[in-house]
Amino acid sequence: MRKHGNVTAPVDQPLIQLSNVSVVYSTGTEALKECSINVEKGEFVFVVGSSGSGKSTMIKTLLGEIPIQSGDIFVGGNNVTKLKRKSMPYYRRRLGVVFQEFRLLDDRNIFENVALAQRVIGVDRHRIHKNVNGMLQLVGLGDRADAYPRELSGGEQQRVAIARAMVNRPSVLLADEPTGNLDPQNSWEIMKLLEDMNHLGTTVMVVTHNNEIVDQMRKRVVTLNQGVVVSDQMQGGYVQ
């Protein structure tokens, strides 16, 4: 039986909070085991671990894509585990999400791929034009608005995905292996772009297996091992 607490978050709660979250798949695999993590507004956090450690599962729980067996997940003051199914699409629109596979629509140009995120929340045409073009400029693709995904490199496609994730100015950006399909140079460029988004005030969580990037960027690092948080560390010591 699933056990949860309050629907609303306590006062002064972190922007993201996982409290004793456990996930067990139908196969019996324990993907997360009583995981607890707090992420404050404006932080940049890496989530690392070997394959099968629970990294992507954690992102999916924040998106409300998979059920949890126990614990609570608060994002922006709302208990994600208490949200009704009809409310979930509206909740997800408040998050920016970037995946390894880009997930762009091949039959739409770059402008339309980014604009779609604005259309679903009812932004008017004039503001869409302004916001999308501004975001494409920010990710270095201001001159590629009319191009189609197949005409872009992998790094450029991931820049489009970031523009799409950020065009609604979400408070949280979740990135699941965003450099997994990219070469080293493009990987660094994408990570620098995510850092730029963080500097704009967006809280960023990045799941990655790229240890070189993690080591050199010197951010907070949460390490999972077989579904357990075994380390939560940043430059200068452990996160309290």
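This is a predicted model: local features need pLDDT of at least 70, side-chain atom pairs count only at pLDDT 80 or more; totals for chains, interfaces and linings use all residues.
Q: Which other strand pairs with S1, and over how many bridges?
A: That's S2. S1 covers residues 16-24 and S2 covers residues 30-39, and they pair in the antiparallel sense over six bridges. Look for Ile16, which stands opposite Val39 in S2.

Q: What should I look for in the hairpin of S1 and S2?
A: Check what lies between the strands: here there are five residues, and Gly28 takes a positive phi near 95 degrees.

Q: Is Leu116 buried, partly exposed or exposed?
A: Buried means under 20% relative accessible area and exposed means over 50%, with partly exposed in between. Leu116 has 31%, so this residue is partly exposed. Leu116 is found in helix H3, residues 110-119. Together with Leu105, Val120 and Ile121, Leu116 forms a nonpolar patch on the surface, with about 280 Å² of accessible area in total.

Q: How many helices and strands does the protein have, if I zoom out?
A: Seven helices and 11 strands. The radius of gyration is 18 Å, close to the 18 Å that the globule rule gives for 240 residues, so the protein is as compact as a globular protein of that length.

Q: What share of the 240 residues is buried?
A: Buried residues make up 48% of them. As for contacts between residues at least 6 apart in sequence, 70% join residues at least 24 apart.

Note on methods
Residues are numbered from 1 along each chain as its sequence is written. Side-chain values use heavy atoms; hydrogens and water are left out. Two strands pair if DSSP finds at least two bridges between them. Helices (H or I, at least four residues) and strands (E, at least two) are DSSP runs, numbered from the N terminus. Patches are made of residues with over 30% relative accessible area and no salt bridge: like charges are joined within 9 Å, nonpolar side chains (Val, Leu, Ile, Met, Phe, Trp, Tyr) within 5 Å. Accessible areas come from the Shrake-Rupley method with a 1.4 Å probe; for residues, only the protein chains shown count as cover. A salt bridge is a side-chain nitrogen of Lys or Arg within 4 Å of a carboxyl oxygen of Asp or Glu. Buried means under 20% relative accessible area, exposed over 50%, partly exposed in between (1.4 Å probe, protein chains only). The radius of gyration is taken over C-alpha atoms; the globule rule is 2.2 Å times the number of residues to the power 0.38. Contact means heavy atoms within 4.5 Å.
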